[in-house]
Amino acid sequence: MSFNAEAVRADFPILGRQVNGKPLVYLDSAASAQKPRAVVEAMTRAMEHSYANVHRGLHTLANETTDAYEAARQKVARFIGAAEGEVIFTKGATEAINLVASSFGASLVEGDEILLTEMEHHANIVPWHFLRERKGVVLKYVPISDDGELDLAAFQRLLGPKTRMVAVSHMSNVLGTINPVIEITRMAHEAGALVLIDGCQGVVHKPVDVKEIDADFYVFSGHKLYGPTGIGVLYGKAERLAALPPYQGGGEMIGTVTLETVTYADPPHRFEAGTPAIIEAIGLGAAIDWLGQFDRIEVARHEHRLYQRVREGLAGANWLKELGQAPDKGAIFSFIVEGAHAHDVAQILDRYGVAVRAGTHCAEPLMRRFGLTSSARASFALYNTEAEADAFVEALTKTQAFFS
Ligand code: PMP
């Protein structure tokens, strides 16, 4: 049965809004997705009915909240095919990558190499720069083609005996390129390197099985997956996590503490210092439950149809340049309007109720690779419709007229 986006929209009160007197056309879900009522209600219910701090209580509410928090961990684990102890809650993907760079990075020495790609988000570049600055670790980058595909032959050449970590996005937040993460992981492991996959976009648009990918680490943020902000996930293979030192110190992550000594808890708690984002974890669990009602392959097909519809609608537009046309790509449409700054394009589109993002998309090296300082981006989610794709094409065509 094909996916019915119109029916899904009823779960998102915000999508009924008007913006500048026009029906909202929200095409900025790659930055942050809207939340279904089920998520909002699960979070409210927790706060109104069963809330206390987790883990350290013996009273009923503390136990109920602990159960709900740990149930959210189980839901995440099932969602990505991990074991429960392999799921660490973080503030988001950014914190998850910083955690790995810091804890794994502690064992690195000058001259060790980290292999990234030209299409990474700053969240998967800057934490590694810290290691370059602080330890003399060398950063290398897999180049991409003009279509936005990773150059796997160059990747193979760049992999060497000093490569300690390959950190690569599952799906580019700018180009939409879906990287062959299974193959990348296999090649990296053959070279003796570990692998971290930035799944921020990938996990939203593809069913993910971390065991099939076989990466050592996989990270994502809740807020792009129809869940709340303030919660993200670091998946790590059990044996990798067991070997990592803690990231932050504080409550919950210890074994015992004396005035002279400290021992640490086992993963995942070793990496969850302090009171975690309890309500947000419950919200993420609710988002995953909610997503469970859909055939995710059908959802991806629906999103891709919208992307194709936009491309076809703009096929004759000689004033438009699309960024990223890899054969395997998700529903992200990044573009430049000739003679117009992307910020102006986004602001004019907003007058028509159309929300797109413009700027560097936290990927300055990628922008530079294409000789650009910015681009605009329309990103599609499961609640977008064909009528919205058409409304975007129409609004963009009118917007272009301002510059011609
Ligand atoms: N990686 C990618 C590919 C992203 O799209 C984003 C969010 N734009 C991030 C990392 C960072 O996610 P967050 O800001 O939620 O930590």
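The legends below describe close-up views of a predicted model.

Local features are given only where pLDDT is at least 70, side-chain atom pairs only at pLDDT 80 or more, and totals for chains, interfaces and linings use all residues. Residues are numbered from 1 along each chain as its sequence is written, and side-chain values use heavy atoms, without hydrogens and water.

View 1. The ligand sits in the largest pocket (more than half of its atoms within 2 Å of the pocket's grid points; a pocket is an open set of points on a 1 Å grid over the protein atoms alone, with protein on both sides within 12 Å along at least five of seven lines).

View 2. An N or O atom in the Thr94 side chain lies 2.6 Å from a ligand oxygen. For a polar side-chain atom of Ser221 the distance to a ligand oxygen is 2.7 Å, and for a backbone N or O atom of Ala93 it is 3.5 Å. Of the 390 Å² of accessible area that the ligand has on its own, the protein covers 85% (Shrake-Rupley method, 1.4 Å probe).

**View 3. The aromatic pair Phe12 and Tyr226.** The ring centres are 6.3 Å apart and the planes stand at 70 degrees, so the pair is edge-to-face (centres within 6.5 Å, planes over 60 degrees apart). Phe12 lies between helix H1 (5-9) and strand S1 (18-19), and Tyr226 between strands S9 (217-221) and S10 (232-236), 214 residues apart (DSSP runs, helices H or I of at least four residues, strands E of at least two).

**View 4. The cis peptide bond.** Pro267 and Pro268 are joined by a cis bond with omega of about 5 degrees. Pro268 is in the loop between strand S12 (262-264) and helix H11 (278-291).

Conventions. A polar contact is a pair of N or O atoms within 3.5 Å; within protein, one must be able to donate a hydrogen and the other to accept it, and residues adjacent in sequence count only if both atoms are side-chain atoms. On a 1 Å grid over the protein atoms alone, a cavity is a set of points where a 1.4 Å probe fits but cannot get out, and a pocket is an open set with protein on both sides within 12 Å along at least five of seven lines; lining residues have an atom within 4 Å of a point. Rings of Phe, Tyr and Trp (its six-membered ring) pair if their centres lie within 6.5 Å; planes under 30 degrees apart count as stacked, over 60 as edge-to-face and the rest as tilted.
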